[in-house]
Amino acid sequence: MAQPVPAAPSVPAPGAPAAEVTLWRRIVRHRMLYLMFLPVAVYYIVFRYWPIGLAWIVAFKDLKLGMGVFDSAWVGLDNFRVMFEDPEIVNVLRNTVEISLLRIVVGFFPPIILAIMFHDLSSGRLKKWLQSAVYIPHFFSWVIIFGIVFAFFSTGTGFVNNVLEAMGLSRIEFFLSEGWFRPILIGSALWKEIGWSTIIYLAALSTIDAQLYEAAKIDGAGPLRRIFAVTLPGILSVVTFVLCLSLGNILFAGGEQILLFYNKAVLDTADVIETWVYREGLSRLQFSVGTAVGLFQSLIGMVVILAGNTLAKRYTGRGIW
Amino acid sequence: MKSNSAGERAYQIVIHLIVLLVAASAVFPLLYVIGMSLTTKSEMIARDYFVIVPHAPTLEAYKRIMSSSVIWHSFVVSVLRSTVGPLLTLTLTAIGAYVLAQRTLPGRGIFLLFILATILFNGGLIPTYLVVKQTGLIDSFWSMILPIMVDSFGLLVIKIFIENLPDGLTESARIDGAGDWSMLWRIVLPLAAPALAAIGLFNLVAHWNSWFDALLYLNDKSMYPLQMVLKNMLTIDSVSGDSMNAMLKTSQSISTETLKMAAVVVGIIPVLCVYPFLQKHFAKGMYMGSVKG
């Protein structure tokens, strides 16, 4: 065992002589830590960085089944040209942006409103119970969510169609209708996540000084007035922050959910980058175009997140890093 | 003053009502699904599939499901991946976070960047698939475990947690001659246990709910986890799901819908079982996550 150096190593001695020797000795002294980190580093290299490296190679090659990545031919930007010239892929890109924008627009305000109501709720114990109830759907898989949505919207036996019929209206083929697909998709996502999304706002709300509310009350402000004068300004920075972050997902429209919910009848309005890459890229072996589309998606996502972070920092003084 | 307090009361009543409504809409679908899963075929037909509380509940659907070897098998696969996965994740997360929390470690900044960068950028579906293929994991149980062994966000949360432990504890252990392993094992892990438990539980639920990786990496259906089997039972494109027809073949007493809903309930039950524990931990975990930055 190396001689334990008594305390204060956390601050390197200023102006230590022969810095290189010191650095080397520090590295040697920490050799156990590097050894410990090795499995984590191996994981990141194999399962995170290797795919990134491959993405940059495969996107510029014509990868064929049975041919190795390194044996297949370079094709320059051909895969990207295919991506922007294929009307199906262009439609997929448009669907992706439309669906994710819809998700942001529809999904943004309800959690904020719900969080404010939770915050203002006077009864303590009931509040805990209600909160636990609204969080639950977040923990169900998309498969389960689809099962539940099916129970409500299927044509022959669904709850909603039964209600429609009881009201004297006609049944609707929700799952096969291009007009209904997106409302169902986004509505069920809202149902799944509305409760869970309140958490970040509740954390922000809990930091608001209770004295501000008292003062507003004394000044004669009613509940709504207090929301606009105290509550909203108190969480504005978090609201902006969440908005900027969600914009970063503009090219991620929730492929896992769509893959479960869509079918041939609604393909034109439902198909997004993730589903297309899975279906055409992987299953129909268009590896290279699929990789190019994925790379494009990832790059745009990164740029938007970086921009969003910069904006969030500028306007709220708070970024992800 | 009087009118003000009346306004307060009206406001409280309104928000109570709305929040109750939202909570009810979160819970009602579950109750409805459970009700459907207990209904006999004759009652379904008699009441035109409009059953909320069955008059004569039957466990037939659950018996069918439990007698299906496909579902049992996939249940075991899911339990296995939801145990092995989180254990490995926690081990690597704890070790990685401990190392990154050492402020004196040379190269720490590079390591951190190395991990942060993966939050921003990934290779995408097909390159990841190719790597799983190249590492020989296709059709292996480990294809559902190894590619998602470390979650960068969880790692950073635990790292911050360890950094915020009081310096006195670690320093006195150092003076007593503790090496890194015993420091991690005896001092840091017990203190970080609640935070690690939260990460572990979330990871468990994520493993339990996961099916897409099975769809990608497994051709061999005998390895399918439960959610993947449920998916085949439930989705429109595979109405002719093989396992379901086998289960229904001999049954006159229950309908396809009942069986489907029972399958949904089976997929939910384990989540509801760990939910109270999740409850206890997630507020803390989320708070730690959101306070950062």
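Residues are numbered from 1 along each chain as its sequence is written, while chains are lettered from A, and ligands numbered from 1, in the order in which they are written. In this predicted model, local features need pLDDT of at least 70 and side-chain atom pairs count only at pLDDT 80 or more, whereas totals for chains, interfaces and linings use all residues; side-chain values use heavy atoms, with hydrogens and water left out.

We can begin with the meeting of the two chains. Chain A brings 100 residues to the contact and chain B brings 99 residues, contact meaning heavy atoms within 4.5 Å. About 9,100 Å² is buried between chain A and chain B, and carbon and sulfur atoms give 77% of that area. Buried area here is the accessible area (1.4 Å probe) that two parts lose on being put together, summed over both. In chain A, the residues that lose the most area to chain B are A:Met36, A:Phe37 and A:Phe139, which together make up 8% of what that side buries.

Helix 2 (residues 31-58) of chain A gives the most to the side of chain A that touches chain B, with 22 residues; helices are DSSP runs of H or I with at least four residues, strands are runs of E with at least two, and both are numbered from the N terminus. That side of chain A is made up of 75 nonpolar, 17 polar and 8 charged residues. Here Ala, Val, Leu, Ile, Met, Phe, Trp, Tyr, Cys and Pro count as nonpolar, Asp, Glu, Lys and Arg as charged, and the others, Gly among them, as polar.

B:Glu8 and A:Arg226 form a salt bridge, with their closest N and O atoms 3.0 Å apart. In chain A, a network of salt bridges links A:Glu88, A:Asp271, A:Arg279, A:Glu280 and A:Arg284.

B:Arg64 is joined to B:Glu60 by a salt bridge with a closest N to O distance of 3.1 Å; the two residues are 4 apart in helix 3 (residues 60-66) of chain B, and so are separated by about one helical turn. B:Arg64 is buried at 18% relative accessible area, and B:Glu60 is buried at 18% as well, where buried means under 20%, exposed over 50% and partly exposed in between (1.4 Å probe, protein chains only). B:Arg47 and B:Glu43 also meet in a salt bridge, at 2.5 Å from N to O; B:Arg47 is partly exposed at 26%, whereas B:Glu43 is buried at 9%.

Finally, B:Ser74 lies in helix 4 (residues 69-100) of chain B and is buried, with 1% relative accessibility. Leaving aside neighbours within four places in sequence, B:Ser74 is in contact with B:Tyr224, B:Pro225, B:Leu226 and B:Val229.

Terms used: Salt bridge = Lys/Arg side-chain N within 4 Å of Asp/Glu carboxyl O.
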